[in-house]
Amino acid sequence: MMQVIRRLSLIAFVALASLTGQVTTAVTQPNSSPERFEVSAVKTARPFLVDTLAAIQQGNIARAKEAFDAYDSAWNGIEVYINVRSRALYQILELELQAKISKALDAPRPDMATLLSDAQTMLAKYDEAIDIVTKSPPLNPVYDELARLRIVRAHLREVNPALKAGNIAKARKSFNDQWFDVEDFVRAQSLDAYVAIERGMLAVEDALLMTEKPDVEQVMALVTAVMTPYNAIVGEVQRQARAARP
């Protein structure tokens, strides 16, 4: 009986020591700080480049084009960061490599070896951009607001091309509720712009999401009407960012 008690006592002691060690470790090791918005936002475009490269390696041009279109949309939201951090790297990514890959993917018979090489180079350069952003000190917070506005706008910009292509499902997916993330900021910038965009968003939602068979021309006109005040706000905040830089 005494042996059983001793064993139970030993087990309890070991368990308590283990628990104490875990608590001590949790207390002595501070929580790692989360990535700032700029870093996490820039990283979101990378998987689309990875998908593009994989599709090219598989010889699937249709899939590569789809993935690269998704990259272009993501890039449109965050390119402002790269443009500020490294103008040279921005030009390589935007004006050289992206232009070359887009043109090749649209060609009837792309040079696959060159296309593969360009995609590999672009992924490597994008990793350089992520590294620069990660190691750099934070920019003025207005840049984050500008990026958020552009990210939401990038999805809105996808709607009309999808409608033109007859892809209602894609148009509906692109028209998401991310406006909620930036509407308070827009309201603080301009009440008139906020009201115009909010009314427009509700109108698009009714015409595109709440209708079984949307009137394509009507929806496209509504989206275009929303983009006018939205672009004006983006332009204004971009001017503020440039004046405050970095």
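**Salt bridges and burial**

Mentor: Let us begin with glutamate 145 and arginine 148, whose side chains meet in a salt bridge at 3.8 Å, N to O. The model is a predicted one, in which local features need pLDDT of at least 70 and side-chain atom pairs count only at pLDDT 80 or more, while totals for chains, interfaces and linings use all residues. Residues are numbered from 1 along each chain as its sequence is written, and side-chain values use heavy atoms, with hydrogens and water left out.

Trainee: Why is the contact of glutamate 145 and arginine 148 called a salt bridge?

Mentor: The term requires a side-chain nitrogen of Lys or Arg within 4 Å of a carboxyl oxygen of Asp or Glu. The N to O distance here is 3.8 Å, so the pair qualifies.

Trainee: What separates glutamate 145 and arginine 148 along the helix?

Mentor: They are three residues apart in helix H7 (residues 142-164), about one helical turn. Helices are DSSP runs of H or I with at least four residues, numbered from the N terminus. An α-helix has 3.6 residues a turn, so residues three or four places apart point the same way.

Trainee: Why is glutamate 145 called partly exposed?

Mentor: Its relative accessible area is 26%. Buried means under 20%, exposed over 50%, and partly exposed in between (1.4 Å probe, protein chains only). Glutamate 145 therefore falls in the middle class, as does arginine 148 at 27%.

Trainee: What makes glutamate 66 exposed?

Mentor: Its relative accessibility is 53%, so glutamate 66 lies over the limit for exposed. Its salt-bridge partner is arginine 63, with the closest N and O atoms 4.0 Å apart. Arginine 63, at 32%, counts as partly exposed.

Trainee: Is glutamate 158 buried or exposed?

Mentor: Glutamate 158 has a relative accessible area of 18%, and is therefore buried. Lysine 170, at 32%, is partly exposed.

Trainee: How many salt bridges does a search of the whole structure find?

Mentor: The search finds 14.

Definitions and conventions. Helices (H or I, at least four residues) and strands (E, at least two) are DSSP runs, numbered from the N terminus.
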